[in-house]
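This briefing sets out structural features of a single protein model. It is arranged by topic for a reader who has the coordinates at hand.

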Amino acid sequence: MDQGTRGELISRLAEAIRSVTTAHPLRVAIDGPPAAGKTTLADELAVVLRAHARDVIRATIEDFLHPRAQRYRRGKYSAEGCYFDAHDHAALCRVLLDPLGPGGDRRFRHAVYDRDTDTPSSPPTKTAPADAVLLFDGVFLLRPELIDRWDLRIFVSVPFEQTIDRARDRGTALAGSTADAAEIERSWRNRYIPSQQLYFATASPTDHADIIVYNDQLQRPTWEVRPHSSIHRN
């Protein structure tokens, strides 16, 4: 276990990425519960890698959702619906992870869905350089359907109760409504946290992570490089 400043964490993660060698673009999963800080971490890491002339592809699970009717077919607060129905893993593999993986042609799309309009999205196909890095953030990334598609697996860990506080603070700052804060808390307690508990019970994601970032102290994080990690193997 190591602890340091935010900058030291990002530097260590960038070093870990540089230490993994593949013959295709490096596919990095940044997993963790909602409001753990995955997107912020991925964005910070992208800045550092780009400053070192590395081509970075940023993408998120939020652009690989199923339509709203399918996501909520079991009910708005269903944990099972969140885990089993929310994300289009087949499309994610087809248009992004497999093209960037072994034997892929490196022609990819970073999204298939527009959440604002609840409609399909079809951005232009791009071709990644062979030494590009995909930084992909989202929930449930180390589940059986996806686990073998990642070349480096980072899990951002935060106590569930703290994610509620962060989500409530973020929602109130954006909307300024206590009613919104109450709705956020209900969604977390009935849908998002139980779905994470289901994920941990069925997929044991932290057992498969190469690096775990303990992100409860944003400016003084702790991190752990796991013994089985691909970082040690290369």
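**Salt-bridge network and overview**

Glu161, Asp165, Arg168, Glu185 and Arg189 are joined to one another in a network of salt bridges. The model is a predicted one, and 16 salt bridges are found in it. Its largest pocket holds about 1200 Å³ of space, and a search of the whole structure returns 0 disulfides.

**Salt bridges**

- Within the network formed by Glu161, Asp165, Arg168, Glu185 and Arg189, the side chains of Asp165 and Arg168 meet in a salt bridge with an N to O distance of 3.0 Å.
- Asp165 and Arg168 both belong to helix 6, and because they are 3 residues apart there, about one helical turn separates them.
- Asp165 is partly exposed, its relative accessible area being 37%.
- A salt bridge also links Arg58 to Asp43, with the closest N and O atoms 2.9 Å apart.
- Since Arg58 is in strand 3 (residues 56-60) and Asp43 is in helix 2, this pair ties together parts that are 15 residues apart in sequence.
- Asp43 has a relative accessibility of 38% and therefore counts as partly exposed.
- Arg149 and Asp98 form a further salt bridge, in which the closest N and O atoms are 2.9 Å apart.
- Arg149 is located in the loop between strand 8 (133-137) and strand 9 (152-157), and Asp98 in the loop between helix 5 (89-97) and strand 4 (107-108), so the pair ties together parts that are 51 residues apart in sequence.
- Both partners of this pair are partly exposed: Arg149 has a relative accessibility of 26%, and Asp98 has a relative accessible area of 31%.

**Largest pocket**

- The lining of the largest pocket, whose space amounts to about 1200 Å³, is made up of 40 residues.
- Nearest the centre of this pocket lie Pro34, Ala35, Arg115, Arg170 and Trp188.
- By residue class, the lining consists of 16 nonpolar, 10 polar and 14 charged residues.
- Four helices each supply at least two residues of the lining, namely helix 2 (38-51), helix 3 (68-71), helix 6 (160-175) and helix 7 (178-203).
- Helix 7 makes the greatest contribution to the lining, with 7 residues.

**Cysteines**

**Surroundings of Arg68**

- Arg68 is part of helix 3, and at 44% relative accessibility this residue counts as partly exposed.
- Which residues are in contact with Arg68, leaving aside its neighbours within four places in sequence? The contacts are with Tyr113 and Asp118.
- Arg68 and Asp85 are 17 residues apart along the chain, and their C-alpha atoms are separated by 9.7 Å.

- Arg106 has a phi near 65°, which is a positive value in a residue other than glycine.
- Arg106 is placed in the loop between helix 5 and strand 4, and its relative accessibility of 29% makes it partly exposed.
- Phe140 also shows a positive phi in a residue other than glycine, with a value near 60°.
- Phe140 is situated in the loop between strand 8 and strand 9.
- Is Phe140 buried or exposed? Phe140 is buried, with a relative accessible area of 1%.

Note on methods: Residues numbered from 1 in each chain as written. Predicted model: local features only at pLDDT ≥ 70, side-chain atom pairs only at ≥ 80, totals over all residues. Heavy atoms only, no water. 1 Å grid on protein atoms, 1.4 Å probe; cavity = no way out; pocket = protein on both sides within 12 Å on 5 of 7 lines; lining within 4 Å. Points joined across faces, edges and corners; volume = space filled by probe spheres on them. Nonpolar A, V, L, I, M, F, W, Y, C, P; charged D, E, K, R; others polar. Salt bridge = Lys/Arg side-chain N within 4 Å of Asp/Glu carboxyl O. Buried < 20%, exposed > 50% of the residue type's maximum accessible area, 1.4 Å probe, protein only. Disulfide = S-S within 2.5 Å. Contact = heavy atoms within 4.5 Å.
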